[in-house]
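Colleague: I'd like to learn how to read contacts and charged pairs in a model like this one. Can we walk through it together?

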Amino acid sequence: MPTRGKLWLIPIKKLYDRSVTVRSSSILEPRSASLQIRINSQDAERLGIESGNAISLSINGSTYKAPASIEKHIPKGQVIVDRGSGVAVVEPVVVELKLVK
């Protein structure tokens, strides 16, 4: 999977995602998290991104905007989003991240 200089978006499953089951439940929906783009601290530094910055994530012709969460434990070269968070991806894919100014 490594591609030099590229970032890979890795979708992960979260208990309270934004799926239809959770969104239609008045009890579960408030517990679901909004879209957050999690990135390795070294990649964030290289791109000039700080935790909380608005960033855009572009894949397959679609762009999503969300706050950045900088996390040391995420492997370098990977970006993490929760499945069901609104990003149309079900498997790892190369993405482009930009700081929203």
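Modeller: Among contacts in the protein chain between residues at least 6 apart in sequence, 72% join residues at least 24 apart. Before we go on: this is a predicted model, where local features need pLDDT of at least 70 and side-chain atom pairs count only at pLDDT 80 or more, while totals for chains, interfaces and linings use all residues. Residues are numbered from 1 along each chain as its sequence is written, and side-chain values use heavy atoms, with hydrogens and water left out.

Colleague: What pattern does the protein chain follow along the sequence?

Modeller: Helices (H or I, at least four residues) and strands (E, at least two) are DSSP runs, numbered from the N terminus. Here you get 2 helices and 6 strands, in the order β-α-β-α-β-β-β-β.

Colleague: And how much of the protein chain is buried?

Modeller: Buried means under 20% relative accessible area, exposed means over 50%, and partly exposed is in between (1.4 Å probe, protein chains only). Of the 101 residues, 39% are buried. The protein chain exposes about 6,300 Å², with carbon and sulfur atoms supplying 51% of that; the areas come from the Shrake-Rupley method with a 1.4 Å probe, and for residues only the protein chains shown count as cover.

Colleague: Now the charged pairs. How many salt bridges are there?

Modeller: Side chains of opposite charge can pair when their charged atoms come close. The rule is a side-chain nitrogen of Lys or Arg within 4 Å of a carboxyl oxygen of Asp or Glu, and the count comes to 3. One of them joins Asp-82 and Arg-38, at 2.8 Å from N to O. That pair links distant parts of the chain, 44 residues apart: Asp-82 sits in strand S5 (residues 78-82) and Arg-38 in strand S2 (residues 37-40).

Colleague: Are Asp-82 and Arg-38 buried or exposed?

Modeller: Asp-82 is buried, at 12% relative accessible area, and Arg-38 is buried too, at 17%.

Colleague: Where do Arg-46 and Asp-43 lie?

Modeller: Both are in helix H2 (residues 41-47), 3 residues apart, about one turn of the helix. Asp-43 is buried, with a relative accessible area of 2%.

Colleague: What about Glu-96 and Lys-98?

Modeller: Their side chains form a salt bridge as well, at 3.3 Å from N to O. Glu-96 counts as partly exposed at 41%, and Lys-98 is partly exposed at 48%.

Note on methods:
Contact = heavy atoms within 4.5 Å.
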